[in-house]
Amino acid sequence: MALSQFLSELEALVTAAESAFQSAADAAALETARIEYLGAKSGRIKTVQKGLGGIDKTDKPVAGQRFNEVKARIESAFSAAQERCQNATAAAAVKAVSRKAEKSDAVIPPGAFDPSESPPGCRLHLGRLHPITQTIETLKEIMGRLGFSVADGPEIEDEWHNFQALNIPASHPARDPLENFYLSMAEETSGAGPMLLRSQTSTVQIRVMENRRPPVRIIALGRVYRPDTADATHFPMFHQIEGLLVDRQVTMADLKSVLRMFAMSYFGGEVHIRFRPSFFPFTEPSVEVDMQWHDRWIEMGGAGMVDPNVLRAVGYDPEEFSGFAFGIGIERVCMRRHNLTDIRELYKNDVRFLEQF
Amino acid sequence: MLVSWNWLKEYVVLDMPVEALTTRLMMAGFNHEGTSDVEGDIAIDLEVTSNRPDALGHLGVAREIAVLYDRPLKMPLARPAEGKTPVEKLTSVAVECPDLCPRYTARVIRGAKIGASPAWLRRRLATLGLKSINNVVDVTNYVMMECGQPLHAFDLNLLREKRIVVREPKRGEKLVAIDHKTYELEPGMCVIADAERAVGLGGVMGGADSEISDKTTDLLIESAQFAPVSIRNTARRLKLHSPSSHRFERGLDPEGIEWASRRCCELILQVAGGELAAGVIDVGQKPKAREGIVFRHAQLKRMLGIDVDPAEVVRILEALGNRVNRLDAGRLEVVPPSWRADLEREIDLVEEVARIHGYEKIPEDVQVPMAASSKSDEERLIGKIRRAMTAAGYNEAMTLSAVTPALSDAFSPWTGRPPLVAQTPVIENADTLRRSLVPSLLAARQTNESLGNGRIELFEMARVYLPQERFASASNGALPGEELMLSLTSGGDFFAVKGAIEALVEALNPAARLEARDVPSELAPACGLLSPRRAALYLEGELLGLVGEVSADGLSRFDLRNATTVAELKVAVLLKFAQVVTKYQKPPEFPAMVYDVNLKVGEPVRWSAIEKIVRQHGGKHLAGVRFQETYRSQKLVEEGKKKILFQISFRSPAGTLTHEQVNQDHARIVEKCGKELGAELG
């Protein structure tokens with residue numbers, strides 16, 4: 001057996017044993033767990049010890065040392081649990097007595113209980129939500145307060161929703177097959193036209209507007225896909241949040257003010273918003289949004305007024321309605337929030353990472 | 001795009017600090033990427049968005065500065081002195097593929113002297129990081145960096161029959177380009193040829209055979225227009241991205257072609273001498289005159305939320321090169337310049353005015369009307385599911401939607417159809433859209449094991465992609481099915497995971513009936529990953545999902561050392577039977593009467609059969625039935641038999657029950673179990 005495998009088995013064993021001892025509710029349960037792990041005849045620790053024989057000579061000292069460590073840890077976990085169970089029994093007795101007696105200090109002598117004593121309390125394993133989920137929840141909550149409801153749409157899209165209706169014509173470089181994840185077409189897709197993994201959540205704007213008359217006040221969020229080579233700041237899959245407000249008389253001043261309220265809610269203080277001109281096919285005018293926080297300008301995302309061609313594509317009259325849209329990359333917000341420097345950490349799912357949030 | 005500070009000064013007065021200028025340009029749409037000092041000059045790196053090819057030359061940037069600072073723009077005249085010989089006598093041009101090359105112009109200079117460029121020219125190019133080649137090639141590069149129009153100079157005497165043919169490549173045709181690499185040409189590419197062979201790839205790169213050398217005396221100067229899409233495809237196909245292709249891809253000023261040609265000849269005459277033939281060969285479409293756009297002043301307020309002084313609006317539009325006519329009090333007719341193909345509509349002009357006027361003038365504190373918004377039931381319940389999973393000790397994982405084909409094939413209970421596949425892998429070999437989250441979670445588990453992590457309890461909520469199910473999309477055919485799944489992997493056994501699911505279901509709806517049954521035969525073939533300790537879960541009789549321990553074979557397929565149990569549940573089914581807001585149930589007023597029952601049955605008898613009988617025949621006081629344990633010890637029961645221990649509770653809303661009231665019910669249950677299942681009291 002390879003040393004690494006042996007060590008990993010040891011690690012799994014000690015985790016399982018500690019968890020079993022910790023969760024044993026009473027003396028009987030603890031005894032069952034003791035037999036399972038520390039049983040003299042066929043306890044799991046005995047079984048693992050047998051594996052020691054199969055280790056290469058050179059690795060044996062390391063393996064033996066680690067085995068002894070693990071054995072000691074398991075034994076101490078057991079005695080801690082044993083003590084706890086005895087204490088529990090004693091405490092139950094105390095409780096029973098104290099119910100009858102007027103004062104509990106009649107039973108426990110003063111100073112006999114030391115709360116700072118080892119071992120620590122029996123800790124529960126609480127799972128954690130992924131930091132991306134936590135960021136999404138925060139952003140959703142803020143936008144909810146500003147009157148935006150969540151809308152949803154498919155991740156596999158057709159060209160109409162991902163491009164055409166968003167004012168991205170067939171000749172546009174953004175439609176290049178190498179800039180997107182197009183699906184290989186099977187027989188069953190006849191008639192549907194080419195399909196691809198959506199490259200932006202703006203597709204949801206189109207789907208919502210196609211089925212509803214203004215006012216529209218939504219956010220869409222979810223996974224989007226672009227063929228970027230994975231590195232510290234890029235990943236081919238990421239998340240976007242996108243806001244859309246269409247009504248009569250919606251202006252860029254509304255856009256700026258909503259984004260400012262959003263930023264102020266997020267940071268909880270005075271924030272200013274700056275627009276820099278930019279170019280996106282689905283908005284005109286288009287801007288990059290920065291926010292000023294503690295004398296620094298931080299890039300927030302892209303925004304603009306919904307292009308009249310987009311309004312027309314969903315059957316809205318651009319003379320009657322106007323609207324704004326904005327998009328923010330969730331990974332970037334999340335990474336800044338938690339001081340992350342490598343986006344790939346988010347998708348590795350190392351529990352030592354996940355358990356930090 | 002790099003611009004030289006000194007060079008810009010030829011067209012517009014620059015008396016502001018460099019930093020002030022770059023900030024101003026950034027606020028007008030040209031992000032500042034950096035500034036560096038280059039031998040007495042300053043190189044400024046500006047980001048130019050793809051809609052602004054006009055700013056891919058110094059003149060375009062100078063024009064923006066002139067508009068922003070309200071200064072005049074000095075434009076070179078480009079009027080080279082012409083000789084007597086008409087150009088038509090010296091060469092000819094035929095365009096056989098007008099789709100790929102809408103317009104081609106050629107001028108000829110004879111008797112030029114090729115040599116080193118003068119210092120001023122070398123310095124200009126050095127600031128932009130361009131190597132000096134010779135005086136003629138340097139001028140073509142200089143003019144491209146001046147106005148954005150790429151140019152090419154051929155050695156006229158090296159062109160067979162001294163003429164140009166613009167065409168698509170012949171079968172198997174190859175070109176040795178000026179980088180001295182050989183490229184295989186394909187249909188759809190635009191070849192510049194002489195009478196016999198390809199001498200260049202239009203708009204992408206020139207050929208080695210006809211390049212300018214020390215021996216060159218006679219030049220053909222090409223200034224042409226090429227179709228952006230073809231240029232893009234050619235450059236990508238041959239991996240030949242050049243400053244020239246970068247510009248043609250974005251579309252250039254159709255009227256600038258002629259100016260650039262004259263400017264190029266003017267400068268060649270200046271630095272290399274020679275005589276320019278009279279006239280120009282100009283093949284293809286002449287640019288169409290731009291049509292006027294009606295601009296309503298009121299649109300500024302409607303879109304921007306602020307008004308702009310009408311005189312300022314006219315100044316901005318005119319300085320950007322538009323011709324402006326006043327139609328009436330509130331309306332202008334605006335004819336955009338040829339170099340601004342991006343200005344087509346009124347809204348485009350609104351953006352121009354806003355961009356130059358300054359977005360900082362738009363307020364950030366207007367009153368936006370309030371609107372009601374609420375969380376959907378689905379959102380609320382999904383939040384509840386996540387909270388239940390974390391309370392159960394599971395960490396939320398997030399894995400990639402695409403997997404390798406091997407991973408995809410490992411577990412696919414929801415569809416037997418082949419998975420959807422992306423044309424390019426999303427990441428290293430992962431080109432298959434997953435039909436289950438379980439393989440991804442097992443891969444994440446393996447990552448954790450290899451990191452030596454002990455406790456690996458993961459759940460993920462994400463979509464799977466099911467090729468067989470379709471729904472009609474609003475306007476364009478049908479899309480594949482996407483279904484939200486909740487999946488788990490745990491170091492616990494079957495019962496630990498089943499227990500977590502039971503707790504989850506109870507959190508969503510305490511009254512919902514969850515049953516574990518044999519995995520139905522239609523799903524079984526897809527469950528090869530699972531050991532016999534597995535089950536299909538049904539919620540209110542509807543298939544909710546699967547739970548099972550991974551078999552030894554499955555573990556080794558995922559390179560896992562330690563046992564794991566997995567589950568995958570359909571979130572839609574969880575939601576269907578969940579209660580968003582639970583209604584109060586009064587807790588029972590009187591205690592229950594609890595019976596322990598111990599039945600000896602044959603091995604094939606299932607607990608579910610016993611439970612069914614109890615529920616059916618328990619009588620009106622039956623409050624609950626709970627499985628406790630099964631004994632198979634040979635000390636207690638003979639072979640082929642087992643003892644099942646369970647609890648039955650009875651309760652009445654009217655008062656505390658007595659044994660007399662329920663003895664009959666208890667006896668009936670035992671009797672029915674005996675009759676129907678052959679059970680006897682143990």
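Reader: What should I know before reading the numbers and letters?

Author: Residues are numbered from 1 along each chain as its sequence is written, while chains are lettered from A and ligands numbered from 1 in the order in which they are written. The model is predicted, so local features need pLDDT of at least 70 and side-chain atom pairs count only at pLDDT 80 or more, whereas totals for chains, interfaces and linings use all residues.

Reader: Which residues of helix α6 of chain B are buried?

Author: A residue is buried if 20 or more other C-beta atoms, placed from the backbone, lie within 10 Å of its own, exposed if 12 or fewer, and partly exposed in between. Helices are DSSP runs of H or I with at least four residues, strands are runs of E with at least two, and both are numbered from the N terminus. In α6(B), residues 228–237, the buried ones are Ser230(B), Ile231(B), Arg232(B), Thr234(B) and Ala235(B). An α-helix has 3.6 residues a turn, so residues three or four places apart point the same way. The cover over the buried residues of α6(B) includes β12 (198–201) and α7 (243–250) of chain B. After α6(B) comes Lys239(B), with a positive phi near 50°.

Reader: Is Gly193(A) buried or exposed?

Author: Gly193(A) counts as exposed because it has 12 C-beta neighbours inside 10 Å. Gly193(A) sits in the loop between α6 (159–162) and β3 (195–197) of chain A. Its C-alpha atom is 6.9 Å from that of Asp158(A), although the two are 35 residues apart along the chain.

Reader: At what angle do α5 and α10 of chain A pack?

Author: Axes are lines fitted to C-alpha atoms, for helices over the stretch in contact, and angles between N-to-C directions run from 0 to 180 degrees. Angles under 35 degrees count as roughly parallel, over 145 as roughly antiparallel, 65 to 115 as roughly perpendicular and the rest as oblique. Helix α5(A) (131–145) and helix α10(A) (330–338) pack at about 105°, with axes 9 Å apart. The pair is therefore roughly perpendicular. Residues are in contact if their C-beta atoms, placed from the backbone, lie within 7 Å. Among the α5(A) residues that meet α10(A) are Pro131(A) and Ile132(A), and the α10(A) side includes Val333(A) and Cys334(A).

Reader: How do α4 and α5 of chain B cross?

Author: Their axes come within 10 Å and cross at roughly 50°. That angle makes α4(B) oblique to α5(B). Leu121(B), Arg124(B) and Leu125(B) of α4(B) meet Asp138(B), Asn141(B) and Tyr142(B) of α5(B).

Reader: Which strands are joined to β9 of chain A?

Author: Two strands pair if DSSP finds at least two bridges between them. Strand β5(A) (237–247) is joined to β9(A) by eight bridges, antiparallel, and β8(A) (296–306) by four, also antiparallel. Val246(A) stands opposite Gly323(A), and Ala303(A) has Phe326(A) as its bridge partner. Seven of the eight residues of β9(A) (322–329) are buried.

Reader: Which strands stand at the edges of the five-stranded sheet in chain B?

Author: The open sheet has the order β5-β8-β11-β12-β13, with mixed pairing. β5(B) (92–95) and β13(B) (205–206) stand at the edges, each with a single partner strand, so one side of each lacks a neighbour in the sheet. Inside the order, three bridges join β8(B) to β11(B), which run antiparallel.

Reader: How many residues does each chain bring to the contact?

Author: Chain A brings 77 residues and chain B brings 82.

Note on methods. Contact = placed C-beta atoms within 7 Å.
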